[in-house]
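Please read them with the coordinates open.

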Amino acid sequence: GAFLGWGIGANDSGNLFGTAVGSRMVRYRTATILIAICVILGAVLQGQHGIKTVSALSSQTLNSAVICTISAACAVTLMSLLRMPVSTSQALIGAIVGIGMIRDNVQWQILAKVIVCWIAAPVTGIVLSWLLYRLFRVVYNHFRPDIFVLDPLLRSGMIIFGCYAAYALGANASAIVAAVFVGSGEGMVSMRAAALFGGCAIAVGALTYSHRVMMTIGEGVMSIDTFSAFIGVLALALTIHLFAFIGVPVSSSQSMIGCLLGIGLVKGLQVINYKTLRRIAAAWVITPIISAILAMMIYTAAR
């Protein structure tokens, strides 16, 4: 479980402050410290909604829970080494479904709800970033602040909304780390303990190994200016917090890419690096498949 949380922190932190660090508005070390604090707060205060959804997807024993987290963590770590921002929620749920198919206890209605939210998250990011970019551009054109006023405002905004996004990540992703360990059986834990553990594990990943993916998000998908970085962080924070309220863990990676695409629609599609985008899209498809196959193989071997 700690290994999986570390993988989330290492991978998903790039979605929170990647645009700010890539645009040189926030230092990398400052960003990781802020992420660690806010992720733990989000997990403790609001992480139980997502935990309820994931734990209801398929009932787990301690053995199958361990196999799910090992499979998902290996898949996410592999993608992190390849500098691919992937969906940890898809990795874990792929593993849960893989084992659930063997045990014939998958709750397909809950899975359908989760998949719909996976699709809706990047679309929401596109819509919000497109609207916010146009709205804030109208405000900017009206007031025309000089650079000595604008830069401090944008930097403060990226820090504030980056922290907000980190809080939302904790509320959303703590379910991915420890929801499978929640239950009344031997070795299982309470929902509150799972949320705290998940937040701490994600924080450690952010502090120790998030630089590679953060640079991919900040510089690899499209050329990012300071104003676009601010809009991207704000749209991401709103997107993932919305789904935290719904109680379905979604991918901050997919949401962030959606936010960048929304900005690209306003600025012109020529600013988007389609080669990087294709690699990321391929990783989204491959990750749950790899995780499901690993889980089925390990579970079968363990039996």
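This is a predicted model: local features need pLDDT of at least 70, side-chain atom pairs count only at pLDDT 80 or more; totals for chains, interfaces and linings use all residues.

1. On overall dimensions, the C-alpha atoms fill a box of roughly 65 × 35 × 30 Å when the box is taken along the principal axes. Of the 303 residues, 58% count as buried. Among the contacts with a separation of 6 or more, 89% are accounted for by residues 24 or more positions apart.

2. The largest nonpolar core has 82 residues, and within this core Leu16, Phe17, Ile35 and Leu92 touch the most other members. Helix α7 gives the most to this core, with 15 residues.

3. Ile35 deserves a separate look. Leaving aside residues up to four places away in sequence, Ile35 touches Ser13, Leu16, Phe17, Ala166, Ala206 and Met214.

4. Which residues line the largest pocket? The lining is made up of Phe136, Val139, Tyr140, Phe143, Pro145, Leu150, Leu153, Leu154, Phe227 and Phe230, and the space in this pocket is about 200 Å³. Two or more of the lining residues come from each of α6 (108-143), α7 (147-178) and α10 (226-246), with α6 giving the most, at 4 residues. By class, the lining divides into 10 nonpolar residues, no polar and no charged ones.

5. The structure also holds 1 cavity of 30 Å³ or more, and the volume of the largest cavity is about 50 Å³. Its lining consists of Ile8, Asp12, Ser87, Thr88, Ser89, Asn172, Ala173, Ile176, Val250, Ser251 and Ser252. Helices α1 (2-22), α5 and α7 each give two or more residues to that lining, and the largest share, 3 residues, comes from α7. The class make-up here is 4 nonpolar, 6 polar and 1 charged residues, to be set beside the 10 nonpolar residues that line the largest pocket.

6. Asp104, in the loop between α5 (88-103) and α6, has a positive phi of about 60° although it is not a glycine, and Asp104 is exposed, with a relative accessible area of 69%. Arg144, in the loop between α6 and α7, has a phi near 50°, again a positive value in a residue other than glycine, and Arg144 is likewise exposed, at a relative accessible area of 54%.

7. Is Ala72 buried or exposed? With a relative accessible area of 0%, Ala72 is buried, and this residue is found in helix α4 (residues 62-81). The C-alpha atoms of Ala72 and His142, which stand 70 residues apart along the chain, are separated by 49 Å.

8. Leu57 lies in helix α3 (residues 48-57) and, at 1% relative accessibility, counts as buried, because that value is under the 20% limit. With residues up to four places away in sequence left out, the contacts of Leu57 are Ile93, Ile96, Asn105, Val106, Gln107, Ile110 and Leu111. Between the C-alpha atoms of Leu57 and Trp130, which are 73 residues apart along the chain, the separation is 34 Å.

Methods:
Residues are numbered from 1 along each chain as its sequence is written. Side-chain values use heavy atoms; hydrogens and water are left out. On a 1 Å grid over the protein atoms alone, a cavity is a set of points where a 1.4 Å probe fits but cannot get out, and a pocket is an open set with protein on both sides within 12 Å along at least five of seven lines; lining residues have an atom within 4 Å of a point. Grid points are joined across faces, edges and corners, and a volume is the space filled by probe spheres set on the points. Ala, Val, Leu, Ile, Met, Phe, Trp, Tyr, Cys and Pro count as nonpolar, Asp, Glu, Lys and Arg as charged, and the others, Gly among them, as polar. Buried means under 20% relative accessible area, exposed over 50%, partly exposed in between (1.4 Å probe, protein chains only). A nonpolar core is a set of buried Ala, Val, Leu, Ile, Met, Phe, Trp, Tyr and Cys residues joined through side-chain atoms within 4.5 Å. Contact means heavy atoms within 4.5 Å.
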